[in-house]
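Here is a quick tour of one protein model, with an eye on its pocket and its charged pairs. Have the structure open as you read.

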Amino acid sequence: MKLRALSVAVSMAALPLSTFAAGLDRSGQSIAAFLQPGNYAEAGISILDPSVTGVGLDQRPVDDMADDYYFPSAAVKVQVNEHISLGLLYDQPYGADATYAADSFMFGDTTEATTVEVRTNNLTALMGYQPNENWNFYAGPVWQTVETDIQLRGAAYGGPQKLGTYNIKVDQEPAFGWVAGMAYQIPEIALKAAITYRSEVKHKATAEESTALPVPSLTALTSGVEATTPQSVNLDFQTGIAADTLAFANVRWVHWTQFAVKPTLLGNISAIPAPHTRQNLIDYSDDQWSANVGVGRKFNTKWSGTAAVGYDSGAGNPITTLGPTEGYWNVGLGAQYSPAEHYFIQGGVKYFWLGDATAQSGGKPVGEFSDNHALGYGMKIGYRF
């Protein structure tokens with residue numbers, strides 16, 4: 001087959017798989033759907049089954065604290081004319097799910113446990129300008145919401161005399177950012193390269209905080225909390241390397257060192273008796289770098305497949321107890337079935353070797369987590385119209 005059609009037939013450079021990435025990163029925020037030729041729509045779902053165990057500072061084992069999770073994605077792209085394209089992309093770029101055992105001395109109090117739930121929704125609108133067949137310049141606004149429900153329990157947070165009875169809930173509130181980038185392609189050799197920048201998104205929301213401390217001024221508080229989801233850059237590349245075969249790569253940078261969540265009540269409690277010990281709910285010490293490289297091949301008119309390897313640097317170590325892993329290596333396999341030229345079904349699986357990490361709270365180590373792993377799998381349906 002001609003390489004001009006290869007990137008359409010083997011459109012799996014971005015496998016529809018879950019991500020277990022640095023910080024709260026999940027979806028990878030790909031805009032690959034917007035760069036598809038013609039009119040195109042897709043919908044997918046990704047699932048991750050992680051296993052994260054360790055040993056607390058008390059040398060007692062910490063059972064698997066990482067919850068399974070799933071997140072959907074969807075996109076539609078319309079080629080208005082030969083020079084203008086419009087797109088709308090939905091994903092859930094950031095999140096966290098964790099539940100420690102209630103009988104864990106470090107992370108529970110025998111009746112309740114430390115639990116974490118962070119959810120985001122992201123809607124990106126794009127307009128692209130294609131001055132010729134090779135170039136595509138695009139930009140647009142981003143609408144994003146974040147909601148959080150976290151409770152801290154156990155000796156890792158100072159027990160019931162400190163933050164061991166702390167709760168925080170933040171309901172969805174929208175905020176706005178923007179995205180811009182450019183792509184270059186040579187269809188004759190299935191070459192496509194794109195660089196995409198996403199701005200930070202500054203959230204100002206209302207937080208409901210509470211504790212069981214016997215101090216009236218520290219029992220409950222409704223206050224404003226600010227958090228800025230980080231700016232990022234994605235670099236995507238693919239090219240035909242042989243008949244019916246292409247190679248692809250993705251590199252992503254996320255500015256996690258600018259990210260911190262600083263609730264008022266949590267800060268007030270942690271600052272007693274020493275003001276310099278005021279702590280954040282979540283923060284990270286390093287920026288994230290991740291990369292995926294692989295090959296895709298069309299076997300016949302209906303079937304194609306991919307194989308890929310991936311790396312994630314993590315966002316610093318020691319790291320928050322809400323997600324105690326430090327990056328990963330992974331391998332992935334995917335398959336695409338095309339019953340007809342205008343639609344296809346994709347599926348894939350990835351295995352993750354999760355990096356060892358020291359969990360910390362208030363700047364002090366409270367546990368060691370090592371030899372952990374995760375299994376991700378997903379499915380996506382695409383339609384050309």
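Predicted model: local features only at pLDDT ≥ 70, side-chain atom pairs only at ≥ 80, totals over all residues.

## The pocket and the salt bridges

The largest pocket has a lining of 31 residues, and Q279, S361, G362, G363 and K364 are the ones that lie nearest its centre. Elements that contribute two or more residues to this lining are β16 (282-283), β22 (357-361) and β23 (364-369). Of these, β23 gives the most, with three residues. Strands here are DSSP runs (E, at least two residues), helices are runs of H or I with at least four, and both are numbered from the N terminus.

As for volume, the largest pocket comes to about 590 Å³. A pocket is an open set of points on a 1 Å grid over the protein atoms alone, where a 1.4 Å probe fits, with protein on both sides within 12 Å along at least five of seven lines; lining residues have an atom within 4 Å of a point. The volume is the space filled by probe spheres set on the points, which are joined across faces, edges and corners.

Residues are numbered from 1 along each chain as its sequence is written, and side-chain values use heavy atoms, with hydrogens and water left out.

Now for the salt bridges (a side-chain nitrogen of Lys or Arg within 4 Å of a carboxyl oxygen of Asp or Glu). The count comes to eight, including these:

| Pair | Closest N and O atoms |
|---|---|
| D97 and R26 | 2.7 Å |
| E117 and R119 | 3.8 Å |

D97 sits in strand β6 (residues 95-99) and R26 in the loop between α1 (6-9) and β1 (40-51), so the pair links parts of the chain 71 residues apart. Both D97 and R26 are buried, where buried means under 20% relative accessible area, exposed over 50%, and partly exposed in between (1.4 Å probe, protein chains only).

In the second pair, E112 is partly exposed at 35%, whereas R153 is buried at 4%. E117 is partly exposed at 37%, and R119 is partly exposed at 25%. R26, D97, E117 and R119 are linked in a network of salt bridges.
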